[in-house]
Every structure is written in structure tokens, then in C-alpha cells.
Amino acid sequence: MNLLTDTLGMTEFWANVVIMLIVCTIVFAVFALMSGITSWAERRIAGRMQSRYGCNRVGPQGILQFVADAVKLILKEDLIPDGADRFLYKITPYLCLMGVLATLVVLPLGSRAMMVADLNVGVLYFISITSIVVIGILMAGWSSNNKWSLLGGMRSAAQIVSYEIPVAMSLLTPILIAGSLSVGDLLDSQGWLPWEWTAFQTPFSALAFFVFFIGSLAEGNRTPFDLPEAESELVSGFNTEYSGFRFAVFFMAEYGNVFLIGLSTTALFLGGPNLPGFLQGNPFLSVAVMMLKTIFIMFVVIWLRWTLPRFRIDQLMDLSWKYLLPCALIAFFGQSVFMLVAHQIPAITQITSIVVFIVFLLIMIKFIGRIRTNYKEQSIPVGLN
Amino acid sequence: MTSELKTEHITINMGPQHPSTHGVIRFVIKTDGEIIHECDPDVGYLHRGIEKIAESVTWQGFVPFTDRVDYLASMNANWAYCMAVEEMLGTEVPERAEYIRVIAGELNRISSHLVAIGAADMDMGAITPFVQLLREREYINDLLEMICGARLTYNYYSIGGVNYDLPEGFSIKVMGFLDHFEVAVEQMHRLVTYNQIFINRFANVAAVSPEMAMDYNFVGPNLRGSGVKYDVRRNKPYSIYDKLDFEIPIGTASVGTLGDCYDRYFVRVEEIRESVKILRQCLQQIPEGEIQAKVKNAIKPPVGHKYIRTETPRGDTGYFIYSDGKTSPSRLKIRTGSFTGMSIIPELARNIFIADLVAVIGSLDIVAPELDR
């Protein structure tokens, strides 16, 4: 800032603009790279799960495949179907991408200082800006002049609007704990130890974490909630008619969404970039911690996609309105009551969080045990010929 | 001043090119949003006139064409045709050849059911089970390649026996495969069959009562899925099936109503296990001996007609042959299971979701070339 104003003689306003532009470029570059790498990771992981290789030709282990794909898509002709609403059809992909990108403004890539803007209503902004994606998808479905696309768009509108409510409700719990709507304050309210994370603070916040994760899967159109682009039913749904660069933008928004699910879950529930006291504020380590947690969540999202079948539209709605929404409300009220009680006896908070974390660990141990059983009981490959 | 908002149903084309129609089939559906009001299956996109071709090729020359009737189970299609001609000629097939026929036919039944189950899984959005089941099918393709050199259209059965004897060490390899395969089926169950989402999608969807199934002339696993215990291998035994010990699995409404998609799906899974049982018995009992009965080069069956029924993976497949004593059939008619399965779709597809129609098609195991021939 000083450099710009003093040596280059800029006014404060223009210095701010330049800094903002630089920051936005960095964030966008990270986002584009991450969404590309996510698509590569997804294909490799899927290949691993399905006894095949996945892409391994372009670059070491195929990691440059997404670059090749993007180049191919950009070189392709940009078709606009007959009878399409040309204006809407053209702007839609950017609207989708914008909805996803704008979320990054309030999410940290590292420590609290590494946010584009630490808004004092950050969580509210986060909830509302993600809704732009649904307008994009709905417009894509409508403007393509394709009935399958239209069905995909309608499904998506119904789905995202319904799931937004439990997601927003579940975010009330961390807001209660932090006592603030700012994402930075939410980060500061958590510690670096697992039982100091919001997700394991109380049974209620654990419930809220669960609701939030499932809800964001649904908002990101990921299996088991990928109805808007149901490959086998709607022939890839709302983006059927898109080709070339516009499709590439949709693609980027979709995989960027996976990155966002990881980033938001980590920041809001899993302790974010917090480090032990003496390392607190180390920029490299905090980015590393943040990214490690994000990548783990992204892996879980991809893992779910290649394991589970897809819901039907009515079952999807049932899940949202009959189960997730009540769960989110219970989490909110439970947390409120808990905080009233814990206000009088401070030791309770510590003990509860450790107990919740131990319960979580036990569940994980049970889960790993089941994975081991699966491995033990898997069949030996046969060597014919 | 009230004016009703005018609404109309959308007419959507599902197919001919659609990922979940399992081939080139077209469904014209009228929907109210997600709910189907009317569904009209339109068949014939894969009609190749195979029945007409029969009239211009020799009796032996038609065997490769039967491969193309049902490419997922061409062994069984070969078998049905060869049996029909043998009945007309009065040829006795040697016992070893009968055993080989059962082994090849049952291996092919397993591979066909694997595709049926896998495709149903994929239609529900679970892609991994499909790929894993196709991997198992590759092993079966390898085994069948060992005995006849082909992996999809085998042309293995001949009139009066089979074309080649089993290669050396074949039974050990099949046994090894079966040991591996039984575990793999269990693994598949854990992955998808007992998955709650999958059960939700299949249970209570498009239930077909036993009466309805018989009214619509269901055959094979679809009929048994509705709880009717009828299997041509048991009720009208042919070949050596009366010597073999196996169960006929039927739908039991384990998670939903009787005859729903899940029952039809599960019957196929159970049939795979029974086929494994049959294979084990055959491999132990198989005798030495001839594999081909003496059949003249130019076959001229006596004037007359014959109708033969066999149990293929898609149910009761019948070959009606009319001979006028010449070197090629005078008329040949193939009756297939997919076609009868198709006829119930307009009935089942009323007031269900589009996603359910996909489940119905998947669970009926419709194969387009067999449908149109």
C-alpha cells in the first residue's frame, strides 16, 4: 500500500483497486488450478475404484490432462441451438461461474489475513451468493430449448432452493458458538486441536456439521444428489446443449464447487487454518493445514460420488424437508440451550467436546474395521491363460 | 374474472439415443413435470430381418445369425436353434456334448445377468458396480474364448453337438474362477444390493402382480420376480437339466411389494448363484466321449414344423421352425423375452417418475437386438 502511494504517487483509492485486482487474480488462479486438479483427481480416483487406470498419458501421471481438455474445449465450435434464447444462453455459464467464484471472497485460503474481504456478515454473504448458481442453472435449462435440459433446470431449482434452508439453518450453530457472522471470527473461535473444532464442540454442532456437509453436497449437484445432471436419466441435464468454451466454464464451476465444499466445510467446521500457539500466524503452515483439510474433504466428496447410487426427486425432497431441516433446527435449539447451561458451569464445554470427539473416533475405528473386513473378504484375482 | 392458467403435458422423446434405453429403443413419454402420464414404447429401430434371412441360408448357416439375435447370451440362442433342428432331424446329441452345452450356456447366463444387474445399477447412478461387474464378465469372456475363440458372438453350438471340445485344464480354470466369483458377488452385494439408496429406488416401484405377469406373458426372471415359480429348465426339462440339482429362485417381496423392480433384480442375482451350482455339478460329472453326432453335410429335415422352448437369460426363448424338406427353413419365427417385457411398459409407466421409468427398463432387462431381431 505504502509502496504504491508513496513511490508511484497513486491516490489511496487507486492503490486499493490495484491491490484488489492482484488479490483477485491470485484467488482466481488458485481456483482455476484447483478445479482443474480436482477434475484430474476425480478421474484418477474413479479409475482406482473401478479397476482401471484413469487418465495417465498427458504429463506425469496424467496431471496435465485438464489443460489438454480445456484447450480442446476452447478450440471447439460454440454451438447455439436453433430456437435458443441467445442472450440468456450465452451469459448463463458465466453466471454459474460467478456464483461459485464470488463465494471465495469470504473464504480464507490460509489464515484469517488471507481472505479477500473479511466481511462482518460473511456467513450471510456466503449463503446468499451461492444462490446465484441456481439462477444460472435454471436459465441454462430454459434457454437451451431442450426439454431434457428444462427438466434438469427445474430439478436443480427445486433441489438447491430446498437444500439452502437446512444449510443456512445448520450454519446458525457455528454462528452461535462464535457469536459473530464474520468468517474470520468463526475461524478464531476454533482451536487447532480436533476437539476445539466447531464440528466436535457439542453433539449439536456435530449434527449441524453433518447437515451442512450433506446439504452442500446437494447444493453442489454431487452424487447422490446429482439429479440436475443425471447422466442416465436426463442425458446430462441442463448443460446438454452447451459445447466449447461455454461448456468448459460450466465444467470449471462444477469442479470449483467441489473445492468450495471442501474449503467452506474446513473453514466453518473443521478448525480452518488454526495452528498450535507458537506457530500461529505462520502463513505457509496455515495454507498447508487449510489445504490438507480441504483436499481430504474433497476426497470424501469424490469417494461418495463413485460409491453411491442417486436419489429420486421425491426422496431427495423428503430428505431435505423431513430429516435435514428438523435436524438443523434441533442443532440450533440444542446448542442455544447448551450454551445457556454451560455459561454457568465452564468445565462442561471442555468435557463435552472431548467426549464428542472420542465418540467420533470410535465411529471412525468401527468404520476402518469394516473397511478391513471388506479387504479381507475380497476375492483373489484369478489368473486365466 | 377468473382465468385458469392453461397447462399442457410435455411430450418428450426418450431415445432412440438415450443412455438408459439399453440400445436403440424409443419411448415417447407425455409428462406433467417429472410424472409420466403416458409412455408409448416404439420398437423396430434394430430390426434386421433375421427371421427372413433364415429362409435364404442353409440350416447350419443360420447358426451364426442366432448369435446376433441376443448378443449378450449368444450361446443360449445358438442352443435353442440347434435343439429345434435336432428335434426335427431326430438326432441324439452325445452326452459329453450336452454337458459342454450346459457349461457354456450357464457361463453365458452368468455373464448376461452380470450385464443386466450392472446396467440396472448404472441407471440408478452407481457407475462403479457396473464397471466391477464387467470386470467379472471379462473373466467369463476369457473362458468362453478358450473354448471357441470368440468373445461375444460365439457360433459354438452346431447341429448335433458342439464345434470344439473343451481345452485341456478347462475345468480347473472354471473352478478357480467360480471360487473367485462367489466372493466377488458378495462384495457386489455389500456395495450396491443392500445399499439403502438403491433399495429406495427399486423397492415398491412398478410392482407386477403374479396375475398381471401371466396376463402380459412375462417370461424368465421377470416372471419369477413376480413370484411365479416357472422355469423351462425345471418345468419342461431339456438337455440334462433333469439330472442337475438347482433351485428356482422367485421374488419374495423381501423389501417391498411382490414383483417390484427389486424382486426382479434380486431374482437375477440369485440365478447367478444357481448357475454357479450347476456349473460345479457339470464340471464334476462331465463324461468322456464324442462331442458331435453324425449329421449329414446337407441337412434336409422332413416336412413339418417344430416349436422348441429354452430358458435363456431373458426368459423363455422359442424357435418355431417350418421345414418343407429343402436345404433351408421355409419359415422361422423367434419368440423372445424382451418383447413381452416391453409390452407391459405403457401399463407400468403410468403415474410414475421419469427416474422410475429408467428403473423399470433396467429391471426388465430389455436388450434391443433381441427385441427387434
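**Reading strands, helices and a contact**

User: In which sense do strand S2 (residues 26-32) of chain B and S3(B) pair, and over how many bridges?

Analyst: S2(B) and S3(B) pair in the antiparallel sense, over seven bridges. Two strands pair if DSSP finds at least two bridges between them. Strands (E, at least two residues) and helices (H or I, at least four) are DSSP runs, numbered from the N terminus. One bridge joins Arg26(B) to its partner Asp42(B) in S3(B). Before we go on: this is a predicted model, where local features need pLDDT of at least 70 and side-chain atom pairs count only at pLDDT 80 or more, while totals for chains, interfaces and linings use all residues. Residues are numbered from 1 along each chain as its sequence is written, and chains are lettered from A and ligands numbered from 1 in the order in which they are written.

User: Which strands are at the edges of that sheet?

Analyst: The open sheet has three strands in the order S1-S2-S3 (chain B), with antiparallel pairing. Strand S1 (10-14) and strand S3 (35-42) of chain B are its edge strands, each pairing on one side only. Neighbouring strands here are turned by 20 degrees against each other on average, direction ignored. Angles are taken between axes, lines fitted to C-alpha atoms (for helices over the stretch in contact), and run from 0 to 180 degrees between N-to-C directions.

User: Which sheet does S8(B) belong to?

Analyst: S8(B) is part of an open antiparallel sheet of three strands, ordered S6-S7-S8 (chain B). Strand S6 (304-312) and strand S8 (331-335) of chain B each have a single partner strand, so one side of each has no neighbour in the sheet. Strand S7 (residues 315-323) of chain B pairs with S8(B) over five bridges, in the antiparallel sense. Tyr319(B) stands opposite Ile334(B), and Tyr322(B) has Arg331(B) as its bridge partner.

User: How is the packing of helix H3 (residues 65-75) of chain A and helix H11 (residues 244-269) of chain A described?

Analyst: Two packed helices are described by the angle between their axes and the distance between the axes. For H3(A) and H11(A) the angle is about 140 degrees, and the axes are 6 Å apart. Residues are in contact if their C-beta atoms, placed from the backbone, lie within 7 Å. Ala70(A), Leu73(A) and Ile74(A) of H3(A) meet Gly244(A), Phe245(A), Phe247(A) and Ala248(A) of H11(A). H11(A) is mostly covered, with 23 of its 26 residues buried. After H11(A) comes Gly271(A), with a positive phi near 80 degrees.

User: Which residues of helix H6 (residues 170-193) of chain B are buried?

Analyst: An α-helix has 3.6 residues a turn, so residues three or four places apart point the same way. In H6(B), Val174(B), Phe177(B), Phe181(B), Ala184(B), Met188(B) and Val192(B) are buried. Their cover includes helix H4 (95-123), helix H5 (127-148), helix H7 (196-202) and helix H11 (261-285) of chain B.

User: How many residues does each chain bring to the contact?

Analyst: Chain A brings 30 residues and chain B brings 39 residues. Helix H10 (231-234) and helix H13 (313-344) of chain A each supply at least two residues of chain A's side.

Technical notes: Contact = placed C-beta atoms within 7 Å. Buried ≥ 20, exposed ≤ 12 C-beta atoms within 10 Å, placed from the backbone.
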